[in-house]
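Here is a briefing on one protein chain. Keep the sequence and the coordinates open beside it.

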Amino acid sequence: MNSGTLYLIPAPLGEGDIAWMIPAAVRQCITGLGHYVVEHPKTARQFLKQIGCILPLQQISMQVLNEHTQPKELLGLLTPLLAGNDVGLLSEAGCPAVADPGAGLVRLAHQNNLRVVPLVGPSSILLALMASGLNGQRFVFHGYLPVEKNQRVKTIVGLERDSIARDQTQIFIETPYRNQKLLESLVFACHDDTALCVACNLTLASEYISTRTVKEWKNTLPDLNNKPAIFLLQG
């Protein structure tokens, strides 16, 4: 029996017109899938309704993969693929396996010689980099910075130092309710002439993207509380 294909399906970054964020060809490709691996079944079903899924939702198999999934459980998630079924890996927002627990499953799919197909859709990291005006030739994504204040400041100082030494854009994120504290730490720790981009609510009607020097940010800080944001700096 031929094995199935693992489709990596980007999800919208927030509420909005699905046609603006997910290309029609991608929606057409996945509307007939009967097997999914998802972070949260409830939001996954909402997404499937938006794209015009042609199967009744109660007939669709959904297995859960999140931050609590153990490595030993991943092989079981590949069972439908090994049985010849195509499977969609759906992130909660943005691209699967990028700042997302799906990477381990994708790696295991390769180890089992399964076909992996990434589909086109919104990546907050790349969208922010595109719009920042910072170095798009050399950049590093660090995920989340430390939560503890002193360690966070120490990490920021190190990122700025590396950026200067390597002419490199540093990219990172934070949990929305801690965004404001991270922004405050950035303007406290970085040099006045360091460029800092804040990209918030990407692809949404309330999208906000601005690149300024740290000195300029000190005059007016935007309210980022509980808003998804990406931060980029270049010293």
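The points below go through the sheets, the helices, the cores and a few single residues.

The model is predicted. Another open sheet of 5 strands has mixed pairing. The largest nonpolar core holds 21 residues, and a second, separate core holds 20.

**The parallel sheet**

- β2 and β4 run parallel and are joined by 3 bridges. Tyr36 has Gly88 in β4 as its bridge partner.

**The largest nonpolar core**

- Of the 21 residues in this core, Ile9, Ile30, Tyr36, Phe47 and Leu48 touch the most other members.
- β1 (5-9), α1 (18-21), α2 (24-30), β2 (35-38) and α3 (41-51) each supply at least two residues.
- α3 gives the largest share, 4 residues.
- What does Ile30 touch, leaving aside residues up to four places away in sequence? Its contacts are Ile9, Tyr36, Phe47, Ile51 and Leu119.

**The mixed sheet**

- The strand order here is β6-β7-β10-β8-β9.
- β6 and β9 (208-213) are the edge strands, and each pairs on one side only.
- From one strand to the next, the twist averages 15°.
- Strand β8 (residues 195-200) runs antiparallel to β9, with 6 bridges joining them. Cys197 stands opposite Thr211 in β9.
- α9 packs on the sheet and touches β7, β8 and β10. Its direction makes about 10° with that of β10.
- Helix α7 (residues 124-132) lies across β6, β7, β8, β9 and β10. α7 runs at about 45° to β10.
- The second core includes Ile156, Phe172, Trp217 and Ala229.

**Helix α8**

- Helix α8 covers residues 149-166, 18 residues in total. At 1.5 Å a residue it should span 26 Å, and its end C-alpha atoms are 26 Å apart, so the two values agree.
- Which residues of α8 are buried? They are Arg152, Val153, Ile156, Gly158, Leu159, Glu160 and Ser163.
- Residues three or four places apart in an α-helix point the same way, because there are 3.6 residues a turn.
- The cover over the buried residues of α8 includes β6 (139-144), β7, α9 and β10 (229-234).
- Glu148 caps the N-terminal end of α8. One of its side-chain oxygens lies 3.2 Å from the backbone nitrogen of Asn150.

**The loop between β7 and α9**

- Glu174 lies in the loop between β7 (169-173) and α9 (179-189). Arg178 is found in that loop too.
- Is Glu174 buried or exposed? Its relative accessibility is 5%, so Glu174 counts as buried; the cut-off for buried is under 20%.
- The side chains of Glu174 and Arg178 make a polar contact (3.4 Å).
- Glu174 also touches Tyr144, Leu145, Asn179 and Leu182, not counting residues up to four places away in sequence.
- Arg178 and Val106 are 72 residues apart along the chain. Their C-alpha atoms are separated by 30 Å.

**Positive phi in loops**

- Ala99 is not a glycine, yet has a positive phi of about 50°. Ala99 lies in the loop between β4 (87-90) and α6 (103-111).
- The relative accessible area of Ala99 is 55%, so Ala99 is exposed; exposed means over 50%.
- Asn113 is also a residue other than glycine with a positive phi, near 60°. Asn113 sits in the loop between α6 and β5 (115-118).
- At 70% relative accessibility, Asn113 counts as exposed.

Note on methods. Residues are numbered from 1 along each chain as its sequence is written. This is a predicted model: local features need pLDDT of at least 70, side-chain atom pairs count only at pLDDT 80 or more; totals for chains, interfaces and linings use all residues. Side-chain values use heavy atoms; hydrogens and water are left out. Buried means under 20% relative accessible area, exposed over 50%, partly exposed in between (1.4 Å probe, protein chains only). A polar contact is a pair of N or O atoms within 3.5 Å; within protein, one must be able to donate a hydrogen and the other to accept it, and residues adjacent in sequence count only if both atoms are side-chain atoms. Contact means heavy atoms within 4.5 Å. The expected span of a helix is 1.5 Å times one less than its number of residues. Two strands pair if DSSP finds at least two bridges between them. Axes are lines fitted to C-alpha atoms, for helices over the stretch in contact, and angles run from 0 to 180 degrees between N-to-C directions. A nonpolar core is a set of buried Ala, Val, Leu, Ile, Met, Phe, Trp, Tyr and Cys residues joined through side-chain atoms within 4.5 Å.
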